[in-house]
Amino acid sequence: MDDDTIVCRCEEVTVGEIKQAIREGAVDVTGVKRRTRAGMGLCQGRTCEKIVMRILAQELGKPVSVFELATVRTPVQPVTFGLLAEGSHD
Amino acid sequence: MTSAADVIVIGGGVIGSAVTYYLSREGVKVSLVERGDVASGTSSACDGNILAIDKMPGYDSQVTLKSQQLLTELTESLDYDIEYTQRGSVLVVEDENQEQVARDWFARQKEAGLPMRYLAGKEVFEDEPLLARDVVGLVECASDASLNPMAFVYGLVDTARRAGAMVHPFTEATEILRDSVGTVCGVETTRGTMSANKVVLAAGVWTPAIAASVGVNVRIEPRKGHILVAERSPRPARRKVQEFGYLLTKFGGTEGRNVEAEMDRYGIAMVFEPTEHGNFLIGSSREFVGFDRCCNHHVLELMARRALRFFPRIRDIHVIRSYAGLRPYTPDHLPIVSPVPTVPGLYIAAGHEGDGIGLAPITGKVTSEMILGEPTSITTEPLRLDRFDQ
């Protein structure tokens, strides 16, 4: 993957930006997310988190298996303010 | 690991990072220890307000105004995009019952030197056209601003590091060490002993536990607050909007708001904040439930309902995420920025509840001044640790 490849399509974050975040001190998926917004978009990281894990593994010289996905945040699926307010979503 | 610094700062949130930044700028050799990644506690689970409008008129709002001025300088000296914007903020006056209290609040803040305006009637909807049609007024503070809190921390830490600070993430402070006469001489950490004769404890809600290692009682309690994140969408308002009733949930008292009991039980008050990325945040809640950071779905529902009362047009916009953070509450809503009288060399900078982002610049600067024995930029008497003992 070259540095211009987009990893997080929702927030348009590239491989290069993720590598930069790792150089600045990110050591896990959450650290990358907070520094780059990768995984903060509409899909909440469903598409990109595994790729972020691979980049972390490669840059930090560790096996992919040591990395965990970011904490899942409610709601599991996007829900409108209207539905949430009515309490009809769990 | 044994390393000597002039000062050890415990806590890599916004307060500890600001203290580290200001000390490093003065040439002081600082070691910052943080048990996780920097910006991973309360500073990663908040919003990014720099507000004077919701501070008590007088000392509290003056200090914030000073902090806003420092922040303007900071944005130029940090080589990092912290997404700072200064668009002002408004408080929405819901009905006639709140009008007099709101006009008094406006008058007192204006007298205290804040750039305030009161908008009524038609002016309200010229200013924010998508607000519910039955609200009656807006109180505006033009100096209010916002930023990305995590980027702010990264920017402070990054700049401090380049000025010589040593930053130790994933290093937990377990005990403050004293010499034979009781003066601070270092910190025991999960990665070894560190020496310094000054220590700043800036660990937010986790401050009391560390202070207890030297027998110091700190009156800070975790107060949980939730935030909803909306998808990128057309903005329902162009800048920060809070319901006037937020002041009631912040300072206590439930008079003057016509809401269901559940709203008051969880301290629900509408807070809207647009972000630089086209999303917006919705708060707020306040609960004392210990150190539990999990989101309570019922609270999120109430927050969504309250948001719709002021912004009915967001009904079909999606909530994509939610989070909860622990705000370091003190009984008088002022932080503790103070030397510890019983432990020479130990300082505390914590207890900012929901104002930590906004007060970080002034807190960092004043703590640095205290340590260097310089006159402080603001009077710090109201921020003393021992004020609760009297």
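Begin by selecting β3(A) and strand β18 (residues 318–329) of chain B: the two run antiparallel and are joined by 2 bridges. Show the residues of this pairing. Val79(A) has Val319(B) as its bridge partner in β18(B), and Thr80(A) has His318(B). This is a predicted model. For the complex, the predictor gives an ipTM of 0.92 and a pTM of 0.95. Chain B has an average pLDDT of 94, with 98% of the residues scoring at least 70.

Now colour β18(B) by burial: 9 of its 12 residues are buried, so β18(B) is largely enclosed by the rest of the structure.

Move along the sheet to strand β5 (residues 89–93) of chain B and strand β15 (residues 240–243) of chain B. Do they run parallel or antiparallel? They run parallel, and 4 bridges join them. Within this pair, Ser89(B) stands opposite Lys240(B) in β15(B). In general, strands of a sheet pair through backbone hydrogen bonds, either parallel or antiparallel.

**Where the chains touch**

Return to the contact between the chains and select both sides. Here 20 residues of chain A are in contact with 27 residues of chain B. On the side of chain A that touches chain B, α2 (29–36), β3 (79–80) and α4 (81–86) each supply at least two residues. Which of the elements gives the most to this side? It is α4(A), with 4 residues. Coloured by residue type, this side of chain A divides into 8 nonpolar, 7 polar and 5 charged residues.

**The domains of chain B**

Now hide chain A and colour chain B by domain. Domain 1 covers 3–45 + 150–219 + 332–389, and domain 2 covers 89–142 + 221–329. How far apart do the C-alpha centres of the two domains lie? The distance between them is 31 Å. The contact between the domains takes 11 residues from domain 1 of chain B and 11 residues from domain 2 of chain B. On the domain 1 side of this contact there are 3 nonpolar, 7 polar and 1 charged residues.

**The cores**

For the last stop, show the largest nonpolar core, which has 126 residues. Ile10(B) and Leu201(B) touch the most other members of this core. Both domain 1 and domain 2 of chain B contribute at least three residues each to the core.

Centre the view on Leu201(B). Leaving out residues up to four places away in sequence, Leu201(B) touches Ile10(B), Thr207(B), Ile210(B), Ala211(B), Leu346(B), Tyr347(B), Ile348(B) and Ala350(B).

Notes: Residues numbered from 1 in each chain as written. Chains lettered and ligands numbered in written order. Predicted model: local features only at pLDDT ≥ 70, side-chain atom pairs only at ≥ 80, totals over all residues. Core = buried A, V, L, I, M, F, W, Y, C linked by C-beta atoms within 7 Å. Buried ≥ 20, exposed ≤ 12 C-beta atoms within 10 Å, placed from the backbone. Domains from an automatic or database assignment. Contact = placed C-beta atoms within 7 Å. Nonpolar A, V, L, I, M, F, W, Y, C, P; charged D, E, K, R; others polar. pLDDT = per-residue confidence, 0-100. Pairing = 2+ DSSP bridges.
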